Amino acid sequence: MANAQSAVSVIAAKRDGGELRDDQIDWVVDAFTRGAVADEQMSALAMAILLRGMTRREIARWTRAMIESGRRLEFTDLPRPTVDKHSTGGVGDKITLPLAPLVAACGAAVPQLSGRGLGHTGGTLDKLESIPGWRADISVPRMREILADPKIGAVVCAAGADLAPADKRLYALRDVTGTVESVPLIASSIMSKKIAEGTAALVLDVKVGAGAFMKDLAAARELATAMVELGSDAGVRTVALLTAMDTPLGRTAGNALEVAEAVEVLSGGGPADVVGLTVALAREMLAQAGIHDIDPAEVLADGRAMDQWRAMITAQGGDPYAPLPRAAHTETVTAERSGILARLDALAVGRAAWRLGAGRTRQGDPVQYGAGVEIHARPGDSVTAGQPLLTLHTDTPDVLSAALDDLRDGYAIGPDLVEPTPVVLDRIAP
Ligand code: URA
């Protein structure tokens, strides 16, 4: 049924609340990838899916069709078990940087195909590219060599154009048609790439809160459940942690600033929330990989993860000892009164970091590696009037006043003690 009329019939079936058949899904995804279904037709279908939803069977078939639109990597012949982590994106989320070498130091291989940031959440590749010399374009044979080497064992690189190409085209349409926020579409988009990447096991970090895609726990649970089901149905051992994203993670948001914080964590220091989440995710990843006899907290504290980090950065052309880029201009926000910091809003900090130059508006825009926000006080900390709360970093000082505007309502100082909130909120297993 390869004609425009059949695209209309698929759109109309979903518009009217019907369940799409396997052959309809296979055809529409394949025809869209080949250019035989027009962008406006796929956009209409995406909107119908957003409004009407999809059954578990439809999501699984849609994901399979997106995987089959391209190449599927395979690492089953490696001498070590493979396991990866995916985060749905948060502000200050630099966890992959200490986590990948930590899990590799514990004996697993971590193949991570990662992305660049768009909007207020940063991308892991942008962070790593702030390290002088580091390159994201690693060939698949080189990836395999790195993963097989027990001294390295982790690779973070850009997904090739041939990995789930249907998703790349569809995501670009969703971005401009108000159809990003659909659980079936987000779940199939993320999982098609992760399954195609060839990992045997996967731990998902589904962010919940003001700075995340999913603003409340019920929506995050629905997304996590859909993704865990997709992974399990495709033979990838998958679990999800739901983690808080009302406040930025750690004390930095911005590329080189976050790398510096990750290096602190690998040196045995760093903010407690970043260390705690890194270790919690490492425990989940090792359990999924069948490695039970090693404590990642010890491997982080005693420097073994740092050795692995240096090897991992060097393997991709980076100099782990080189000074990181710093922005030319800074501006400090100070506390206007004494009290307890009651709130620091992740979305406000993420927007400010983006405006300062740490993120991009359009795919392909350059980013400023030194730009971002340094956080001197976190919710629950007592502050005194005049004390620095935030430092803004940028190479383009004309954006400072807009970034300050973003932050104006982004924090609150009050008289009352603030109960610490846990980072890990729930766990979803098959
Ligand atoms: N990340 C993705 O890769 N896809 C989505 O749809 C949303 C976030």
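A word on domains before we start: their bounds come from an automatic or database domain assignment. Keep in mind, too, that this is a predicted model.

**Stop one: the domains.** Colour the protein chain in three pieces: domain 1 (6-53), domain 2 (83-315) and domain 3 (329-414). Now look at domain 1 and domain 3. Taken over C-alpha atoms, their centres are 42 Å apart.

**Stop two: a pair of helices.** Select residues 96-105, which make up helix H5, and residues 304-315, which make up helix H14. The two pack with their axes 8 Å apart, at an angle of about 105 degrees. Angles of 65 to 115 degrees count as roughly perpendicular, so that is how H5 sits relative to H14. Show the side chains where they meet. On the H5 side you'll want Leu97, Ala100, Pro101, Leu102, Ala104 and Ala105. Across from them, H14 brings Arg304, Ala305, Gln308, Trp309 and Met312. What is the make-up of this contact, by nonpolar, polar and charged residues? The contact of H5 with H14 has nine nonpolar residues, one polar and one charged.

**Stop three: the cavity.** To find the spot, select His120, Thr121, Gly122, Gly254 and Ala353, which lie nearest the centre of the cavity among its 18 lining residues. Which of the helices gives the most to the lining? That's H15, with four residues. Colour the lining by residue type and you get ten polar residues, five nonpolar and three charged. Domain 2 (83-315) and domain 3 (329-414) both give residues to this lining, so the cavity lies between them.

**Stop four: the second largest pocket.** This pocket has about 460 Å³ of space. Pick Thr247, Arg378, Pro379, Pro420 and Thr421, the closest to its centre of the 21 residues that line the pocket. Then highlight strand E8 (residues 339-344), which provides the largest share of the lining, three residues. By type, the pocket lining divides into twelve nonpolar, six charged and three polar residues.

Terms used:
Residues are numbered from 1 along each chain as its sequence is written. This is a predicted model: local features need pLDDT of at least 70, side-chain atom pairs count only at pLDDT 80 or more; totals for chains, interfaces and linings use all residues. Side-chain values use heavy atoms; hydrogens and water are left out. On a 1 Å grid over the protein atoms alone, a cavity is a set of points where a 1.4 Å probe fits but cannot get out, and a pocket is an open set with protein on both sides within 12 Å along at least five of seven lines; lining residues have an atom within 4 Å of a point. Ala, Val, Leu, Ile, Met, Phe, Trp, Tyr, Cys and Pro count as nonpolar, Asp, Glu, Lys and Arg as charged, and the others, Gly among them, as polar. Axes are lines fitted to C-alpha atoms, for helices over the stretch in contact, and angles run from 0 to 180 degrees between N-to-C directions. Angles under 35 degrees count as roughly parallel, over 145 as roughly antiparallel, 65 to 115 as roughly perpendicular and the rest as oblique. Contact means heavy atoms within 4.5 Å. Grid points are joined across faces, edges and corners, and a volume is the space filled by probe spheres set on the points.
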